[in-house]
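Please keep the sequence and the model in view while reading.

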Amino acid sequence: MYFGKGWNELSVIKCEEYLEYLIRVNVHKKLSPSNLNQKVKVIYRFLNFLGERNIIDQECISPFKKYLDNRIFARNGQKKKISEGKMNSVKIPRIISDFLIFLQNNDYRSVNQYKKRILSFEKFLGVNGANIDLFLEEGKEDFLFDQIEKYENMISSRVSNEEITLATATRDLNIIKLFVNFLYSKKLIRKKYTIPIYLRGRSKRDNAYVPKQKMIELMNTIYDYSHHVKRDLSIFLIIVDTGCRPIEISNLKFRDIDTIERTLSFECGKTERRKVKISTEVMSVIKDYLQIRNNYNPKTDNLFINCKGEPITSSYINFIFYSANLKAFGESLYPAKAFRHTYITNALEEYSFERVSKAIGHKDWKSTYYYYNRSTKRLLANTLSKNPL
């Protein structure tokens, strides 16, 4: 920061200039705010140390102190907003509480997402001077559908202005459809709701395909750079060999592995429990991991655990793939789900449609048919000619 003859010659201007320099570098390199904060804290502590010993003028510390004080103030304000948001989220109308219970009882997942969307509709009603609890009364059907039509117009306008996509509009209106079904089941209204055709859309689904050579590069990168080679390589190869989801790996228990029959039993909220055969090579790597698993001081019977002996999460599994991609290619090209897509695409060329759908845990054949429909000549040209293991 300072290239002078003595620290006693350090000026406030020099300190301000260096702080501005740090901020510019942070923005240019697209580093996180915490990275900049840490540097400023170190400098502040050192200057404070020099100031206490009268080596520098106390005024020199002021630019860094002011910056840190502003950061603390902003962070506290953010925390206050979050806590207020949590308090407000508790006070939800009775009809919405009943609606969310209705969804849970009918086995709908991601209820929190539904909650956010129905609260958006409630907010819309509030702007128009209506209370959503009003629809707990009978005889409000015409008023409800009048409000829904206004809500459709608002969403249509947002789509036209490219504020939201058509797929988002469909999701927003789908919650209205479920809400109307709920009122219909309570016999509070006599008709159901259908999303207008012009507001129906589907999000673009990813169909990333991992070429053979890229797959091998990632495998070698994990082998060369991972601090937990046997564990991370086992996870990587299981996904490559079975096309399973990261959450299914994090859910694996000791009872789910059969080293004699070479099978793994996968289970998650999206699908029923299923048993999948794995290759000899992958099982060999898993056995190597099992020999050193106790070094992690396990606190659970989950098959894969972290450094603290706790179950490894699906987020961390995605991070393993992310880190390997950065090392191998300098950017994240092939996440874990890309290997699932690759497996399905290849499998559909070798096995029956029904067998593949069952093996990868699709409840609905439409999900499998999506991959079948996407199996173009370009993908076939990249199909693995042999097991890369």
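Contact, as used throughout, means heavy atoms within 4.5 Å. This is a predicted model, in which local features need pLDDT of at least 70 and side-chain atom pairs count only at pLDDT 80 or more, whereas totals for chains, interfaces and linings use all residues. Residues are numbered from 1 along each chain as its sequence is written, and side-chain values use heavy atoms, with hydrogens and water left out. Helices (H or I, at least four residues) and strands (E, at least two) are DSSP runs, numbered from the N terminus.

- Asn 26 belongs to helix α1, which covers residues 12-28.
- With a relative accessible area of 9%, Asn 26 is buried; buried means under 20%, exposed over 50% and partly exposed in between, using a 1.4 Å probe and protein chains only.
- Leaving aside neighbours within four places in sequence, Asn 26 is in contact with Leu 31, Ser 32, Pro 33, Asn 35 and Leu 36.

**Nonpolar cores**
- A nonpolar core is a set of buried Ala, Val, Leu, Ile, Met, Phe, Trp, Tyr and Cys residues joined through side-chain atoms within 4.5 Å.
- The largest such core has 39 residues, and those touching the most other members are Ile 235, Phe 236, Ile 238, Ile 239, Ile 249, Phe 304 and Phe 339.
- Two or more residues of this core come from each of α8 (212-225), α9 (229-242), β2 (263-268), α11 (280-292), α12 (314-329) and α13 (336-350).
- Helix α9 gives the largest share of this core, seven residues.
- Another core, of 35 residues, lies apart from the largest one and includes Leu 125, Tyr 151, Ala 169 and Phe 179.

**The sheet**
- Three strands form an open sheet in the order β1-β2-β3, with antiparallel pairing; two strands pair if DSSP finds at least two bridges between them.
- The edge strands, β1 (257-258) and β3 (271-277), each pair on one side only.
- Strands β2 and β3 are joined by five bridges, and Leu 264 has Val 276 in β3 as its bridge partner.

**Packing of α5 and α7**
- Helix α5 (residues 111-127) packs against helix α7 (residues 166-185) at an angle of about 85°, with their axes 9 Å apart; axes are lines fitted to C-alpha atoms, for helices over the stretch in contact, and angles run from 0 to 180 degrees between N-to-C directions.
- On the α5 side, the contact involves Tyr 114, Arg 117, Ile 118 and Phe 121.
- On the α7 side, the residues include Thr 168, Arg 171, Asp 172 and Ile 175.
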